[in-house]
Amino acid sequence: MKIMKYKFMRYLMVVIGLAGLSSCEEEKYAVPVLKQELQNDVIKRTLGPNVAGLNIEFAYAMAIPASLGKLVSAEVEASIAGAEATYLENKSYYTNGSGNDIGIEIGKKSENNGTKTTVTFTRDTTAATLRYYYNIPSTAKGKEVTFKFSAKASNGQSVSYSMGPYKIAQMDMVLDLDVKDSTNAYISIEDMAVYSAANAPANAAKIDLVYLYRSIPNITFAHALVAPTAKTYLPGVTLPAGVNRSAKVQKVWNLRDFHLARLQYGIFIDDLDFQELNMASAPDYAINLKAEAGVWVETQDGKYRAYVYVNSVNNGSKSAKISIKRYTMK
Amino acid sequence: MLKYIKAIAALMLTAGILISCKEDFPVDEDGLLITARTQCYVSNFELLGADFQTVRTENAIIDTTAQTINVKVFYGTDLKNLFPQFSLVTDAKLDPKITGAMDFSDLANPKKFTVVSGNRKIRKTYTVNIAVQQP
């Protein structure tokens with residue numbers, strides 16, 4: 001019994017000793033060796049669904065050891081040509097002590113040629129980070145887009161980096177529509193536009209919601225989005241001829257979509273939200289809407305679903321500013 | 001040495017018998033503990049709209065004698081999609097259970113909810129009367 005105990009103890013001591021030795025071993029630091037070649041890297045800077053009309057933003061970094069040469073050009077090729085506003089920055093940015101981005105011009109403004117966007121360097125540059133803004137064209141809706149970033153150096157070397165594929169959302173978006181009680185009050189989801197009382201009869205078949213503001217004693221009515229069929233909630237409104245469509249309207253609070261609200265909340269409404277929305281029992285009106293509130297809307301024919309966000313309200317002028325994301329169901 | 005082992009074994013055996021013979025705490029069909037409490041009432045009532053914001057214009061009036069809850073809601077409240085929330089006395093539970101939005105639009109036939117006491121022997125049915133604010 002005693003011998004076994006000692007044996008065991010000895011074994012334990014050896015194990016502890018070994019563990020102690022290994023933990024004391026120091027890892028030697030070596031200065032990284034500079035790769036003697038042109039190198040590049042890309043990060044995507046934008047988050048959330050890719051909606052037509054918005055930018056997908058990338059930062060493209062490239063560098064070559066000064067002994068080998070300098071940068072000649074940078075190019076981005078998209079699988080689907082970007083809209084006209086697509087560009088590759090001709091400035092390389094750094095962040096100064098105050099946290100501001102300071103740009104240093106390294107070449108001429110970028111040129112779009114079909115699917116390619118190119119910047120040619122005019123200054124001796126060995127390292128640069130250029131930002132690329134791909135303005136999503138409406139033709140890309142529902143498709144996937146990929147990007148190939150490439151750079152060339154004066155010694156003839158070239159590198160490339162592929163990004164994507166990224167899915168472009170089906171939905172449409174419109175920002176900052178002004179609505180005003182009785183004058184500019186007729187909202188069409190199909191056109192994603194607001195019509196005045198004078199223009200409404202011509203577009204009567206497309207009008208889904210009426211905006212109104214009422215201050216009625218004893219009740220809270222305030223700002224409202226009401227389908228033309230909900231006559232109870234259209235006090236004092238004389239509908240223009242032919243405006244008689246219904247809609248399903250569901251009030252929402254605390255859904256401040258990043259694209260629509262442009263506030264600090266990282267919430268995004270995507271195609272999937274519209275697809276999975278259940279509005280079977282929703283009413284045809286929403287009253288007492290406040291700023292930063294919203295409503296889900298489904299048109300009478302079920303063709304469109306939309307999210308109407310209230311950016312701001314003004315009780316004095318009986319007006320509001322709204323933004324819409326819309327998804328075509330069929 | 002052996003003596004000690006024997007003593008410990010005997011002790012553990014006795015303890016095991018004693019513990020295993022003790023009756024389990026009684027639970028009901030929902031797996032909730034049935035206690036000795038006989039209190040049976042609603043202590044607070046809340047009503048939320050489809051946007052999960054309150055639709056009450058004032059605090060709900062709960063009459064525990066008449067077993068009624070009178071609540072006044074905003075003009076234009078969508079009565080078909082409301083989420084009721086009950087606060088009950090300790091250990092009590094509600095029947096039927098609330099699983100999602102409920103339709104309160106039939107004002108002539110108000111919804112009824114039964115509170116079941118902690119000992120599951122006392123049942124009190126509360127009627128939720130909704131009045132809509134009028135201009």
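**Figure 1. Strand S16 of chain A and its covered residues.** In this predicted model, strand S16 (residues 222-226) of chain A is mostly covered, with five of its five residues buried, where buried means under 20% relative accessible area, exposed over 50%, and partly exposed in between (1.4 Å probe, protein chains only). Strands (E, at least two residues) and helices (H or I, at least four residues) are DSSP runs, numbered from the N terminus. Residues are numbered from 1 along each chain as its sequence is written, while chains are lettered from A and ligands numbered from 1 in the order in which they are written. Because the model is predicted, local features need pLDDT of at least 70 and side-chain atom pairs count only at pLDDT 80 or more, whereas totals for chains, interfaces and linings use all residues; side-chain values use heavy atoms, with hydrogens and water left out.

**Figure 2. Strand partners of S16(A).** Strand S15 (residues 209-214) of chain A runs antiparallel to S16(A) and is joined to it by five bridges, two strands being counted as paired if DSSP finds at least two bridges between them. Within this pairing, A:Val210 has A:Val226 of S16(A) as its bridge partner. S16(A) also pairs in the antiparallel sense with strand S18 (residues 285-289) of chain A, over three bridges, and here A:His223 has A:Leu289 of S18(A) as its bridge partner.

**Figure 3. The salt bridge between A:Asp172 and A:Arg326.** A:Asp172 forms a salt bridge with A:Arg326, and their closest N and O atoms are 2.8 Å apart. The pair ties together parts that are 154 residues apart in sequence, because A:Asp172 lies in strand S12 (residues 172-180) of chain A and A:Arg326 in strand S21 (residues 319-328) of chain A. Both A:Asp172 and A:Arg326 are buried. A salt bridge is defined as a side-chain nitrogen of Lys or Arg within 4 Å of a carboxyl oxygen of Asp or Glu, and by this rule the count over all chains comes to 22.

**Figure 4. Salt bridges between loops of chain B.** B:Asp28 forms a salt bridge with B:Arg120, the closest N and O atoms being 2.6 Å apart. This pair links distant parts of the chain, 92 residues apart, with B:Asp28 in the loop between helix H1 (2-21) and strand S1 (42-48) of chain B and B:Arg120 in the loop between strand S6 (111-116) and strand S7 (123-132) of chain B. B:Asp28 is buried at a relative accessible area of 9%, and B:Arg120 is buried at 18%. B:Asp91 forms a salt bridge with B:Arg37, with 3.0 Å between the closest N and O atoms; B:Asp91 is in the loop between strand S4 (83-88) and strand S5 (93-95) of chain B, and B:Arg37, 54 residues apart from it, is in the loop between H1 and S1 of chain B. B:Asp91 is partly exposed, with a relative accessible area of 29%, and B:Arg37 is partly exposed at 37%. Salt bridges that share partners join B:Asp28, B:Glu29, B:Asp30, B:Lys93, B:Lys97 and B:Arg120 into one network.

**Figure 5. Chain B as a whole.** Chain B contains one helix and seven strands, which follow the pattern α-β-β-β-β-β-β-β along the sequence. Its C-alpha atoms fill a box of roughly 90 × 30 × 20 Å, taken along the principal axes. Of the 135 residues in chain B, 33% are buried.
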